[in-house]
Amino acid sequence: MSISVDLLVTVVCAKDLLPKDDNGLSDPYVVLKVGRTQCRTKVVRKSLNPTFNESFVLFAFSPSSKKYFGVLTATTMTTTTTQKSERI
């Protein structure tokens, strides 16, 4: 019997982010990554204390290959007025 291991991650909120826009706010979102699997939250417009409340299931382990797919990384990003993304 083959069993895979999935990782359930809930992104709740962020607090006291740095402002990146000219209006003194940011448009933050979070990018989650494990191995080659990547997910991202919705963008919360004009906020330094965004609430996301989003859950994701990331594939984390394959018993057939007997290896883990790396470390979970979570990066808080923002869209700028030029629509480029950058880290907060």
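**View 1. Four strands make an open sheet in the order 3-2-6-7, with antiparallel pairing.** Strand 3 (37–40) and strand 7 (85–87) stand at the edges, each with a single partner strand, so one side of each has no neighbour in the sheet. From one strand to the next, the twist averages 35°; axes here are lines fitted to C-alpha atoms, for helices over the stretch in contact, with angles running from 0 to 180 degrees between N-to-C directions. Two strands are said to pair if DSSP finds at least two bridges between them. Strands (E, at least two residues) and helices (H or I, at least four residues) are DSSP runs, numbered from the N terminus.

A word on the model behind these views: it is predicted, so local features need pLDDT of at least 70 and side-chain atom pairs count only at pLDDT 80 or more, while totals for chains, interfaces and linings use all residues. Residues are numbered from 1 along each chain as its sequence is written, and side-chain values use heavy atoms, with hydrogens and water left out.

**View 2. The whole chain has seven strands and zero helices.** Along the sequence, the pattern reads β-β-β-β-β-β-β. Of the 88 residues in the chain, 34% are buried, where buried means under 20% relative accessible area, exposed over 50%, and partly exposed in between (1.4 Å probe, protein chains only). Among contacts (heavy atoms within 4.5 Å) between residues at least 6 apart in sequence, 57% join residues at least 24 apart.

View 3. Strand 2 (residues 28–34) pairs with strand 3 over four bridges, and six bridges join strand 2 to strand 6 (residues 73–79). L32 is a handy place to look: L32 stands opposite C39 in strand 3 and opposite A74 in strand 6. Six of the seven residues of strand 2 are buried, so this strand is largely enclosed by the rest of the structure. Strand 2 and strand 3 also form a hairpin with two residues between them. In the turn, G35 has a positive phi of about 60°.

**View 4. T41 is a buried residue, with a relative accessible area of 3%.** T41 lies in the loop between strand 3 and strand 4 (51–62). A polar atom of the T41 side chain lies 2.9 Å from the backbone nitrogen of V30. For a polar contact, a pair of N or O atoms must be within 3.5 Å; within protein, one must be able to donate a hydrogen and the other to accept it, and residues adjacent in sequence count only if both atoms are side-chain atoms. Leaving aside residues up to four places away in sequence, T41 touches V11, Y29, V30, F52, E54 and F56.

**View 5. A salt bridge joins the side chains of R45 and D27 (3.7 Å, N to O).** This pair links distant parts of the chain, 18 residues apart: R45 is in the loop between strand 3 and strand 4, and D27 is in the loop between strand 1 (5–13) and strand 2. R45 is exposed, at 52% relative accessible area, whereas D27 counts as buried at 10%. A salt bridge is a side-chain nitrogen of Lys or Arg within 4 Å of a carboxyl oxygen of Asp or Glu. The whole structure has two salt bridges.

**View 6. E54 and K42 also meet through their side chains in a salt bridge (3.6 Å, N to O).** E54 lies in strand 4 and K42 in the loop between strand 3 and strand 4, so the pair ties together parts that are 12 residues apart in sequence. E54 is buried, with a relative accessible area of 18%, and K42 is partly exposed, with 41%.

**View 7. The largest nonpolar core has 12 residues, including V9, L17, V30, L32, C39 and F56.** Strand 1, strand 2 and strand 4 are the elements that give two or more residues to this core. A nonpolar core is a set of buried Ala, Val, Leu, Ile, Met, Phe, Trp, Tyr and Cys residues joined through side-chain atoms within 4.5 Å. A14 belongs to the core too, and A14 touches L48, N49, P50 and F52, not counting residues up to four places away in sequence.

**View 8. T78, in strand 6, is buried at 0% relative accessible area.** The T78 side chain reaches the backbone nitrogen of D27 at 2.9 Å. T78 and L17 are 61 residues apart in sequence, and their C-alpha atoms are 10.0 Å apart in space.
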